[in-house]
Amino acid sequence: MLSVVSPLPGQSPHFRRRNRRVLPVSCSSVWEVEKPPADFDLRPGLRCSPQFPEIRAAKRVVLVRHGQSTWNEEGRIQGSSDHSVLTAKGESQAETSRQMLLGDFFDVCFTSPLIRSKRTAEVIWDSRKDNVITEPDLREIDLYSFQGLLKHEGKEKFGSAYRQWQKDAENFQIDGHYPVRELWDRAESCWSKILAHEGRSVLVVAHNAVNQALVATAIGLGTKYFRILLQSNCGLSVLDFVPRIGGGSPRISLNRLNQTPNSPVAHESSGGRKTNAQIILVCHGATQSNEAAFSDIGFEPLNMLGVIQSQKTAELLLDLKMSCLICSPRIASADTATAICEVQEAADCLGADCVPRYVEMKKMLELEVEPILQRALKISRKSNPIRVGWFDDLDDTSMVELWSQSRKAWHSLLQQLSNNSESEPESERNVVVVAHPAAHIALIAHCLKLTPEWTGSFHLDTGSISVIDFPDGPEGKGVLRCLNYTAHLGRWSIPVTRSPGNDEEF
């Protein structure tokens with residue numbers, strides 16, 4: 001069944017934009033993150049992009065959280081204490097990570113000095129000859145008197161302080177310290193040391209909170225984003241640093257967040273809390289315009305790679321009982337969505353369910369960003385035939401149009417998720433969305449309550465999946481479970497350190 005979802009009313013945003021032209025990280029990377037003008041009002045929780053050391057060549061940094069530890073298993077607060085070790089499951093997770101990264105090249109490995117992190121690094125680094133650098137500032141968040149307590153003991157002993165740690169972590173204070181604020185400062189210090197190393201492909205093995213802080217500080221997000229950028233045991237995140245032509249602090253893009261060997265759509269805990277609802281963002285499969293000209297962007301069907309990607313995505317989503325699938329009206333998105341629905345309807349034949357699953361498929365006009373991109377590309381190619389990021393050449397009018405349109409789409413999706421949460425069983429409180437990578441980047445920015453300038457901080461590939469959890473329901477904060485997940489594509493997945501594109505730009 002095909003229908004159109006009506007968006008909720010929204011107002012056009014107002015923002016400032018500076019004229020600039022930069023080299024792109026990738027086809028779906030957009031604006032660089034720079035310090036806004038003095039009169040630009042940043043939203044709470046956002047920070048100006050930190051001034052990192054100048055780099056001479058593109059650098060990719062891969063962050064990995066340690067495997068499950070004994071205190072993870074016991075539900076004990078670890079902090080920066082060094083009394084826990086990897087469990088058998090943690091050792092297995094580290095070994096799986098080693099195998100995942102077996103064909104990838106690294107120049108250097110940085111690790112936290114804590115046993116659980118150092119052991120994970122040893123397993124992953126294996127027989128590589130280069131030394132592992134132990135960096136004290138990569139230790140886990142310092143939680144002082146909380147460390148070593150079981151969670152229920154912390155609640156009983158510290159009462160309101162423990163509740164603040166759970167509900168308002170950025171302002172949480174203990175023993176005269178603000179742990180999350182200290183962690184953010186320490187993460188910025190870590191980046192200066194990591195980027196000063198001459199290696200172009202860097203592995204960093206550390207912890208949950210510190211890896212969150214590393215991701216957040218790299219792209220200019222403040223302490224309000226603690227527990228918003230999920231880091232699972234042995235989850236892998238990738239950041240790209242690209243030098244600017246005029247020198248100075250590099251341009252930074254989050255290429256991947258929390259890619260694990262497990263399915264990203266499994267209903268697991270999110271930041272220590274049970275997942276209440278999910279929005280799954282599926283980028284449509286590859287088309288001819290992903291490879292060559294842009295004159296027909298949005299009108300082409302999937303190419304052979306795109307067909308494979310859509311089938312692989314449909315197979316992965318068999319783990320999910322869908323309550324609703326919404327897609328852009330454009331051919332590639334509609335074809336990808338149709339492939340997903342057909343596999344869902346064959347769930348009983350495929351052994352995934354005892355009965356067929358009938359999924360309502362809807363088309364949402366506000367997800368159709370291709371006309372805006374196409375107009376900008378036609379104009380930009382007259383003066384610059386070299387392909388740039390999806391949004392790099394959007395004029396202010398086009399950006400306002402896209403931002404307003406995507407905001408309406410985001411509010412409509414939240415309303416749909418809210419409706420599903422009221423009517424569907426817990427396992428089916430989800431919305432699957434299929435659209436162009438640029439549309440999903442804008443949706444992620446809206447989810448995080450960012451401004452348009454931050455859209456350049458994210459990259460998505462065709463065929464990828466990103467998952468947003470809502471532990472407190474659709475009315476609460478969205479938590480990024482994963483971003484740009486491609487492991488389900490098998491041999492067609494995007495390599496971690498080996499780029500399918502220009503080596504200089506990753």
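**Close-up views of a predicted model**

**View 1. Buried residues of helix α9 in the predicted model.** In helix α9, the buried residues are Ala332, Ser333, Ala334, Thr336, Ala337, Ala339, Ile340, Cys341, Val343 and Gln344. These buried residues pack against the strands β9 (278-283), β10 (325-327), β11 (361-363) and β12 (430-435), and also against helix α8 (304-316). The helix itself covers residues 331-345, which makes 15 residues, and from its first C-alpha to its last it reaches 21 Å, close to the 21 Å expected at 1.5 Å a residue.

**View 2. The crossing of helices α2 and α3.** Two packed helices are described by the angle between their axes and the distance between the axes. Here the axes of α2 (residues 88-100) and α3 (residues 115-125) come within 8 Å and cross at roughly 35°, and the crossing is right-handed. On the α2 side the contact is made by Glu91, Ala94, Glu95, Ser97 and Arg98, while α3 contributes Arg119, Thr120, Val123 and Ile124.

**View 3. Tyr144, a residue with positive phi.** Most residues other than glycine have a negative phi. Tyr144, however, has a positive phi near 50°, and its place is in the loop between β3 (132-134) and α4 (151-158). With a relative accessible area of 26%, Tyr144 is partly exposed.

**View 4. Asp175, in the loop between α5 and α6.** Although Asp175 is not a glycine, its phi is positive, at about 50°. The loop that holds Asp175 runs between α5 (160-167) and α6 (179-196), and Asp175 is partly exposed there, with a relative accessible area of 45%.

Technical notes:
Residues numbered from 1 in each chain as written. Predicted model: local features only at pLDDT ≥ 70, side-chain atom pairs only at ≥ 80, totals over all residues. Heavy atoms only, no water. Helix = DSSP H or I, 4+ residues; strand = E, 2+ residues; numbered from the N terminus. Expected span 1.5 Å × (residues − 1). Buried < 20%, exposed > 50% of the residue type's maximum accessible area, 1.4 Å probe, protein only. Contact = heavy atoms within 4.5 Å. Axes fitted to C-alpha atoms, helices over the stretch in contact; angles between N-to-C directions. Left-handed = near helix turned anticlockwise from the far one by under 90°.
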